[in-house]
Amino acid sequence: MSEPKRAAPANGRGPQVSKISDAVIRIAGNSQDGIQAMGGLLARLAGRSAQDVMTFMTIPSTISGGPSIFQVHIGSGEVLSAGDEADVLLAFYQHSYEEHIGSLKQGGGVLYDSDHVEPNAAWQPQYHHVGIPISSLTIEAIGGTTTDKGKNLFALGVIARVFDLDSGKLAGLVGERFGSKDARVRQNALAAFRAGYNYSLGNLLETFKFVESQGQQRRQVVMNGNEALAYGLIAAGVRFGAAYPITPWSDVMEILRRELPSYGGTFVQCEDEMAAISMANGASYAGWVAVTGSSGPGISLKMESLGWAVMAEVPLVVINIQRGGPSTGLPTQVEQSDLNLACYGSHGDAPRVVLAPADVEECFYTAIEAVNLARQYNVPVFLLSDQAIAARVEAFGEPDLEKLCQDISPDLTPVADYKPYDLSAPNGVTRRVVPGTPILSGRYPIAGGLEHDEYGHPTASPRLHSDMTAKRRRKLQALAATLPAPQVYGPPEGALLLVGWGSTRGPIREAVDRARAAGARVSALHLKYLNPLPPGLEKILAGFEAIRVVEMNDEGLYGYGQLAGLLRARYCLPTIRGINKTDGLTWKVREILERARADLTTGPRQQPAGADRPA
């Protein structure tokens with residue numbers, strides 16, 4: 001939380017009110033308590049109040065549920081991460097209290113359910129404790145029933161009072177959430193919320209109020225990464241998808257299955273992953289850019305059929321919401337260990353495009369870009385998200401849908417002749433003519449998984465296989481030449497460059513901000529285009545004495561992870577090393593700074609290792 005500016009209450013009684021610019025709130029309980037719903041309502045309120053917001057959550061992988069948290073970082077300015085430490089901890093149970101008290105800043109506040117939590121005397125001097133009988137007061141608020149279901153909404157009301165949040169907007173969000181339920185359920189939800197908001201806070205030393213947002217007032221949307229991906233695909237014109245459910249991909253599938261029929265589309269839940277990608281391949285071949293998706297285990301199963309899409313040069317979008325592996329691994333926790341799978345999975349030389357959005361807003365726009373690249377180059381495009389972005393709620397400017405939405409219906413205009421694999425095509429890219437298009441020459445092509453000639457007829461010709469392999473490669477080389485050069489966050493040269501991809505961007509940038517404030521010569525670079533890599537990287541990397549790639553995957557046999565391996569293979573720089581972890585949790589800013597400490601120098605620039613080598 002920002003340094004508070006305190007003001008005494010106007011009437012001289014009650015807690016003093018402190019002005020703050022940001023706050024981190026951690027809610028800890030069990031997954032059955034609705035704490036994700038509670039945190040999501042807080043995040044959506046922030047978005048509707050022109051504030052920036054980022055969330056983090058953990059959920060158990062077992063069906064029976066278990067301990068869970070939801071952390072919300074709300075700010076009147078830019079919010080880059082979900083926060084290393086919490087300003088306020090709301091603990092529903094003893095285990096919630098004991099396991100998460102260490103997440104609090106020194107002097108932070110603990111709101112706890114006194115029906116279930118006995119505070120530890122050793123921690124009371126370090127943190128401000130406030131006990132509230134949340135469970136029993138919830139039962140009282142909803143009419144004396146024997147269940148405390150709804151205590152999350154009572155606690156939401158308490159948080160709203162502590163931070164002087166707009167109770168009217170929050171009540172409206174609660175009403176929206178339960179609008180499809182029985183009227184009695186909705187009434188109980190609102191009764192619990194209002195009881196929490198009206199609970200006396202006389203035992204609090206202070207309450208808080210956010211300063212006015214520093215950003216420009218704008219219309220915002222609030223959603224998580226999976227929602228952004230799904231709606232981005234719809235805006236891009238995707239009207240067919242096929243998949244099999246798996247955590248944490250399933251949300252994308254469920255949204256598309258619910259929404260696509262409203263746009264004349266179809267989404268099919270298949271019997272397995274192989275059937276799903278094969279069905280998507282068929283739809284793409286028929287003239288529609290189809291989507292399929294999964295998480296790591298399912299993507300592994302799709303790889304044989306992905307090779308068919310490469311060979312047949314069919315546009316296809318494949319979404320991988322990464323989680324911990326291998327095997328079933330950590331189904332509800334985060335990892336970035338599928339990059340090699342995305343770039344090199346499948347047998348043979350099977351080039352494909354790989355993109356990785358860095359936040360929820362990028363998920364929306366990158367989904368559109370993936371569809372357009374698949375269409376332009378007739379290739380499979382991998383979109384690598386991860387569990388952290390998938391479940392993370394953020395606010396961003398409302399997209400201009402009138403400009404973004406596109407119709408990609410098949411064009412059946414007759415053509416004189418058509419060679420789908422024309423070797424003379426510039427950069428290997430041939431305009432697609434979909435089945436059903438009249439071809440005046442009468443020479444209709446075919447598509448299959450066998451190597452082929454320019455019309456698609458099978459061949460074992462050594463020359464044609466070499467030429468077709470080169471054609472498929474040249475398409476990605478042509479794409480690489482058009483990609484925008486990545487932008488360095490900070491000065492273009494220094495002692496250390498922190499490189500990342502995917503959901504690591506926010507913590508890396510915050511680490512750079514803190515280190516530079518302490519005098520360190522450090523900058524950051526974040527990559528969205530992972531295969532092919534964008535141009536100009538070699539010039540950027542040459543400006544730094546050390547390059548550390550921050551990833552959530554294993555450091556491997558030689559001390560660097562998967563993106564670092566790609567960069568070392570491409571640029572042959574021994575200065576590229578890894579900062580890696582595999583604990584299933586997102587990076588904390590302090591973790592990055594601790595791991596990079598040896599390279600955070602403040603003196604003059606030294607000659608990089610190997611700088612005197614001949615070109």
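I looked up strand β9 (residues 206–210) and found 4 of its 5 residues buried. Buried here means under 20% relative accessible area, with a 1.4 Å probe and protein chains only. Strands are DSSP runs of E, at least two residues, and helices are runs of H or I, at least four, numbered from the N terminus.

The model is predicted: local features need pLDDT of at least 70, side-chain atom pairs count only at pLDDT 80 or more, and totals for chains, interfaces and linings use all residues. Residues are numbered from 1 along each chain as its sequence is written, and side-chain values use heavy atoms, without hydrogens and water.

Next I checked the pairing of β9. It runs parallel to β2 (residues 16–20), joined by 5 bridges; pairing takes at least two DSSP bridges. Lysine 19 has lysine 209 of β9 as its bridge partner.

Then I turned to the largest pocket. Its space is about 790 Å³. Of 30 lining residues, Arg44, Arg177, Asn224, Glu227 and Asp251 are the closest to its centre. Elements giving two or more residues include α1 (35–48), α5 (167–177) and β10 (220–224). A pocket is an open set of points on a 1 Å grid over the protein atoms alone, with protein on both sides within 12 Å along at least five of seven lines; a cavity is a set where a 1.4 Å probe fits but cannot get out; lining residues have an atom within 4 Å of a point. Volume is the space filled by probe spheres set on points joined across faces, edges and corners.

Last, I searched for cavities. There is 1 of 30 Å³ or more. The largest cavity holds about 40 Å³. Helix α15 (residues 462–482) gives the most to its lining, 3 residues.

Terms used:
Buried < 20%, exposed > 50% of the residue type's maximum accessible area, 1.4 Å probe, protein only.
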